[in-house]
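Thanks for coming, everyone. Let's look at salt bridges first, then at a pair of helices.

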Amino acid sequence: MTRRGAIIAGGASLLAGAAAAGLDPPPGAANDAFPAFSDAEMAGRLARVREEMGRRGLEAVLVYGHTGIGNSPGQVNLQYLARYAAVVETYLLVPADGPLTMFLAVPYHIPNAREISYVDDIRWGDALGGAIGEIKAKGYKKVGLVGPGAVAHSGPTLFAEARDRLGAGLEDVRLENATPWFDDLRLIKSDEELAVMRSAGALTDRAHEEVFAKTRAGATPRSIRRAMDVLAAQNGATYPFGHIGAISMRSPQGFYPDFYPTDAPIAPGSLMMTELCLGYGNYWAKLWGSYFVGEPTPEYRRLFETAARVHDDLVAGLKPGMTGREVNAFLAPISAAGFEQPANVLVGGWSAMNHAPQMGAMATSLSEPFTRPFLDVALRPRQTLTVQAWVSVPGQPKGLWVGSSGVITESGYESFNRYRVSQLRVVQP
């Protein structure tokens with residue numbers, strides 16, 4: 001077993017025997033956008049939403065979705081109940097009792113939607129106008145609005161123009177923001193959801209190995225990202241982004257990889273930073289990688305060893321019941337090494353983009369305000385997370401990160417990733 005911080009030469013696999021079969025989409029997946037969750041799974045989600053609606057006295061909720069990023073379908077909250085989302089905006093009306101109704105803008109999408117979706121009543125036309133008309137026809141007087149759900153607790157529902165139109169068309173209806181509590185219902189994952197996340201973890205492992213194998217002096221981050229694109233397409237996967245960037249260790253300009261990889265050739269003496277998240281229809285695993293083209297400088301080696309230690313301590317030490325205050329204790333090696341945490345959190349909720357909880361930030365971190373609401377909140381089994389150590393040199397544009405994804409279990413933490421991201425890796429120039 002290789003010790004943490006040991007150099008792994010280019011080409012040596014860090015997948016620890018991840019089975020190729022684990023890369024396939026979940027059994028029965030009928031398309032390349034949405035996992036084919038069972039009708040029983042979908043019915044359970046709907047029942048939980050309706051239970052909360054009953055507690056809040058809501059006669060219906062209107063769920064809105066719009067286009068995602070990358071080749072992600074987006075529309076997280078709508079997909080959660082519909083098992084489908086249109087490529088443009090979609091509206092889903094969820095009554096307290098009776099069938100769901102989904103409104104699309106394009107008639108040609110309906111046959112495909114009916115093949116995939118859990119919803120039987122699918123209509124097209126003026127999607128928002130159709131939703132307004134149905135609410136009026138049913139005589140609902142109290143309706144919750146649920147937004148796309150890209151980032152939990154951010155609270156948005158509709159664009160201003162759509163919200164104004166809804167209010168004008170439903171003057172006698174009380175409308176209230178239901179996004180925060182709806183987001184929270186998604187945080188505890190079912191067995192079917194965890195199966196998808198585990199498959200996503202295996203795929204993300206393979207993607208990072210592919211990215212590493214394509215890295216060499218003279219190659220470009222853009223060409224390397226295309227190799228990741230091919231792997232994703234071959235496995236029916238989606239992803240919202242794939243950060244890949246080369247940073248000069250001699251004259252660094254920062255410590256964050258490019259969101260849009262470029263054609264700038266990779267030079268010897270580069271730190272490579274990646275943030276890869278691949279999976280299936282809004283269920284993604286994630287790896288935050290840092291490796292080197294040529295031997296790391298002593299300072300960058302120390303940065304890496306510190307980040308790797310914090311990451312591995314988290315993987316070994318997280319457990320249910322742990323609060324944000326307790327997670328803060330894992331920051332100690334960063335301060336002890338004389339480094340700081342520039343942003344992000346040690347532990348963040350993750351499956352379909354960032355969500356609760358957000359835990360572990362130094363007082364100087366840009367993300368510290370996001371962790372305050374979770375200082376006394378406890379981690380719960382079946383919460384899916386990223387664990388990430390991002391460290392930097394105070395006052396200098398030098399830093400890197402190490403991170404992966406997993407789930408809180410009844411007794412500890414299970415990583416979705418077998419790729420040993422905390423092993424120091426060097427591509428010989």
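E414 forms a salt bridge with R198, with 2.7 Å between the closest N and O atoms. By salt bridge I mean a side-chain nitrogen of Lys or Arg within 4 Å of a carboxyl oxygen of Asp or Glu. This pair links distant parts of the chain: E414 sits in strand β15, residues 413-415, and R198 in helix α7, 216 residues away. Helices (H or I, at least four residues) and strands (E, at least two) are DSSP runs, numbered from the N terminus.

A word on the source. This is a predicted model, where local features need pLDDT of at least 70, side-chain atom pairs count only at pLDDT 80 or more, and totals for chains, interfaces and linings use all residues. Residues are numbered from 1 along each chain as its sequence is written, and side-chain values use heavy atoms, leaving out hydrogens and water.

The cut-offs: buried is under 20% relative accessible area, exposed is over 50%, partly exposed is in between (1.4 Å probe, protein chains only).

Next pair. K398 and E299 meet in a salt bridge, 2.7 Å from N to O. K398 counts as buried, at 17%. E299 is partly exposed, at 25%. How many salt bridges does the structure hold? It holds 24.

Back to α7. Helix α7 (residues 191-214) packs with helix α8 (residues 221-234) at about 145°, axes 9 Å apart. Axes are lines fitted to C-alpha atoms, for helices over the stretch in contact; angles run from 0 to 180 degrees between N-to-C directions.
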